[in-house]
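Q: Could you take me through this model, a piece at a time? I have the sequence and the coordinates open.

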Amino acid sequence: MLRPALAVALFAALAGVPALAQQADPAVVADSAAVDSLAADSLALADSGLVARTGAEIDSIAVAAITDTTTRVADVLGNGVGVDLFGRTLFEVWGGLGPFSPEERAAALSDRLAELATNGDVDPEGLRIVDGNDLSLVQIGPVTVMTVTNEDAQALGVPRAQAAVGYRQEIISGVRAYREQATIRGVVQNAVVSVVALVVLVLVLRGLGWLFGWIDRRTAAVRGRVLRPVRIGTLEVVGRDQVARFGRGLGALLRLAVSAVIVYAFLAYVLGLFPWTRSWSENLLNVALAPLQRLGAVLLSSVDNVIAIVVILVVVRWLMRLSDYLFIRVERGEVQLGGFHAELADPTRKIARFLLGILAVMLIYPYTPIVNSPVFQGLTVFLGILFSLGSSTAIANMVAGIVLTYSRAFRIGDRVKVGDTFGDVVEKSFLVTRIRTPKNEDVSVPNATVLSNHIINYSVMAREGSGVILHTEITIGYDVPWPQVHRLLIQAARDTAGVEATPPPFVLQTGLGDFSVAYQLNAYTREVTRMARIYSDVHQHVQDRFAEAGVEVLSPTYGAWREGPSTVPEYAALRDLEGRVAVAPPAAETDGADAPAPPEPTPLPDVKPPPFLGGAAGDGS
C-alpha cells in the first residue's frame, strides 16, 4: 500500500517532469486541483496496478475542457505511429486525441518515456492504470504517463482495459532494458559482443570472397564450352569474351549485393546494442534508401518526361552505334565514300559522337526537373561567362586541330618540320601536336601555333611519291673537270644505304664563284626517319671517292698572279660526250621533284530548270 507521505516523496522525485499531463499528452487536461484530488484518492488504494473509479469521475478528470474530436478507427487502422524509447519502438498508438495528431501524440509519449527511463529514482513498477468510460490512464503518482483510447484498443483487437495493461507492461520492460544497457556492465558486455560480431563479419566476408572465387574457377571451363557469341547474320555483335566478362560482372555485382546486405545486418545489430545508437540502427535502412525513394517519387511524378528521356537516349545511342559502324568500316577500307579519305574516319567518328551527345543533352534538358531552377540557371550563366573568358586559347587550338585534321597536313608517324621544330609526329589531338625530335625530345606544340606556321612534311612524298630529295653542296676548283666531279658525287650517293637507285641521284652546278664551282648532290630516299644518318653516310662516301680519285675537296683562293700550272681543265675532258651523258641528270619537267598531278575536272551538277521555265521554252515563247 502506498502511503500519502510516499506519494508526496514520489511527486517530488518527478518534479523534473512538470505538468506533463497537460503539456505533452492531451489525455490529461483537467485543472491541477482536480488532478491532485484524484492522485490523493488513488494512492489510498492497493497498488495492484489497477484502480477502479467511476467512469464519470475519470472522464471528467481526463477530458475536462476538451470536446471529443478523436479520429475514427476506420481512418487510422493499419496506420499506427510508433512510440520510441531511445530508438527502440515499444508500441504503436492509433488515432489522435483532441487537437493532437497521432504523430504529435506519439512524439509526446516518446519524450515522456525518455524522461521516465533516465530518472533512476522512479520505479517503473509503480505505474498503475486508471480506467474510465472512454479513456484509460497509465499513471505514476499524480503524473499521467499515457492515455489509452478506444481506437488503440480496437486497433489491437482487445478491450481497452487489457490494452492498457499491455501498454503498461511494454513501458516497464522498455525502461528496465534501457537502464540495464545504460550501466557500465551493460556497455562493456555490448562492446565485447560488438567485437565478436566484427570478427564474424570479417570471416564471413572472406568466406564469401573465397566462395565466389571458387565458383568462378569451377565454371571457367564450362563458360568456354557453353557461351556463344551474339551474331546478327554473319556480323559478330558481341564476342564470346565479352559475354564471359558480362557474366563475371553479374557475379561480381551479386557478390557486392550480398556483402552489402551482410554489412547492413552487422551495423544494424551492433548499433542496436547501445541505447544511444539504437535510433541509428532502426533508421539505417531508411537513411540508405531515402535518396532512392526520393528519386523514385520524382520519377513517378513525371513518368511522361522519363519516357521522353528514355526514348531520346535510345535514339541517340542507336545513332552513335550507326555512326561508329559506318566510320569504322570506312577506316578499314570496307566502305568507300567519294572524296572522303579513310584516315579522316576516326576523327570524324569522334566528332559525330560528341555532336550527338550535345544534341542529346539539348533534347533532354527541357524534360528534367532542373529546367526551371533559378540556382541551376544562375550556375549555367556563371559557367558560361567563365568558359568564354578563360577558354579562348583552348577553343582556338580546338578549331586549329579540326582544320589540321581535315587538311591532312600530316599524320602520326610523319617526319615534319613545324617552325623550328623538327621530328616525328607521335600524337595528334584537338589541342596539341606532339613531335619527337631526333634527339629524343618530345615537344608539345599548340595546334594554333602549328596552323600559323609553315609545315614541311617529309613523309608524304616518301609514302606517295618517288621519295624525298636529300641534297648537299660542295665547292671544287676550276682545275678539276666538272664531269669527273659529277661522277664522283653520284658514285658516293649510290654507295650510301638508304638512297634510292630509281630515280637515280643527280648533280646540279648551283654557282660559279671567283675561284671554285658549287656542286649540289641530290639523291632520293624513302627512309625519312634516317635523314641525319643518310646525310652523314653520304658525306663519308664523298670523302672516300674524292680521296680515291686524288681530287682535293677545297676551294682555292688566289690573291695575286702566281707562277704555276693553270687551273683551266683540259678541253678534251670537257668534250668527253660519253662522260657528259653518263653524269647528266634525267630529263624531267622539274628540277627533280615529282610534278604535281593535274587537277581533276570538277563535274558540274545536273541542275534542272524549274517547271515553269521548261514549259515556257517548250511553247517557243
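**A buried threonine, then the sheets**

A: Let us begin with T144, which has its place in strand β6, residues 143-149. Please bear in mind that this is a predicted model.

Q: Is T144 buried or exposed?
A: T144 has a relative accessible area of 0%. Buried means under 20%, so T144 is buried.

Q: What does the side chain of T144 make a polar contact with?
A: The partner is the side chain of Q139, at 3.0 Å.

Q: Stepping back, how many helices and strands are there in the protein?
A: The protein has 23 helices and 16 strands.

Q: And what percentage of the residues count as buried?
A: The figure is 33% of the 621 residues.

Q: Of the contacts between residues at least 6 apart in sequence, what share join residues at least 24 apart?
A: That share is 65%.

Q: Let us turn to the sheets. What is the order of the strands in the open sheet of 3 strands?
A: The order is β14-β16-β15, and the pairing is antiparallel. Strands β14 (468-477) and β15 (506-512) are at the edges with a single partner strand each, so one side of each has no neighbour in the sheet.

Q: How many degrees are neighbouring strands of this sheet turned against each other?
A: On average they are turned by 25 degrees, with direction ignored.

Q: How many bridges join β14 to β16?
A: There are 10 bridges between β14 and β16 (residues 516-525), and the two strands run antiparallel. As an example of facing residues, G477 is opposite S516 in β16.

Q: Which helix packs on the sheet and touches β14, β15 and β16?
A: That is helix α19, residues 482-494. The direction of α19 makes about 30 degrees with that of β16.

Q: What about β15 and β16, how many bridges join them?
A: These two strands are joined by 6 bridges and run antiparallel. A hairpin of 3 residues connects β15 to β16. Across this pair, L508 stands opposite Q520 in β16.

Q: Which strands does helix α20 lie across?
A: Helix α20, residues 531-549, lies across β14 and β16. It runs at about 30 degrees to β14.

Q: At what angle do α19 and α20 pack?
A: The angle is about 135 degrees, and the axes are 8 Å apart.

Q: Is the crossing of α19 and α20 left-handed or right-handed?
A: The crossing is right-handed.

Q: Which residues make the contact?
A: On α19 they are Q484, V485, L488, L489, Q491 and A492. On α20 they are H541, V542, R545, F546 and A549.

Q: Changing topic, what is the strand order in the open sheet of 5 strands?
A: The order is β12-β11-β10-β9-β13, with antiparallel pairing. Here β12 (442-446) and β13 (455-457) are the edge strands; each has a single partner strand, so one side of each is left without a neighbour in the sheet.

Q: What does the twist average from one strand to the next in that sheet?
A: The twist averages 40 degrees.

Q: Over how many bridges do β9 and β13 pair?
A: Strand β9 (residues 415-418) and β13 pair over 3 bridges, in the antiparallel sense. Within this pairing, K417 has I456 of β13 as its bridge partner.

Terms used:
Residues are numbered from 1 along each chain as its sequence is written. This is a predicted model: local features need pLDDT of at least 70, side-chain atom pairs count only at pLDDT 80 or more; totals for chains, interfaces and linings use all residues. Side-chain values use heavy atoms; hydrogens and water are left out. Two strands pair if DSSP finds at least two bridges between them. Helices (H or I, at least four residues) and strands (E, at least two) are DSSP runs, numbered from the N terminus. Axes are lines fitted to C-alpha atoms, for helices over the stretch in contact, and angles run from 0 to 180 degrees between N-to-C directions. Contact means heavy atoms within 4.5 Å. Buried means under 20% relative accessible area, exposed over 50%, partly exposed in between (1.4 Å probe, protein chains only). A polar contact is a pair of N or O atoms within 3.5 Å; within protein, one must be able to donate a hydrogen and the other to accept it, and residues adjacent in sequence count only if both atoms are side-chain atoms. A crossing is left-handed if the near helix is turned anticlockwise from the far one by less than a right angle, and right-handed if clockwise.
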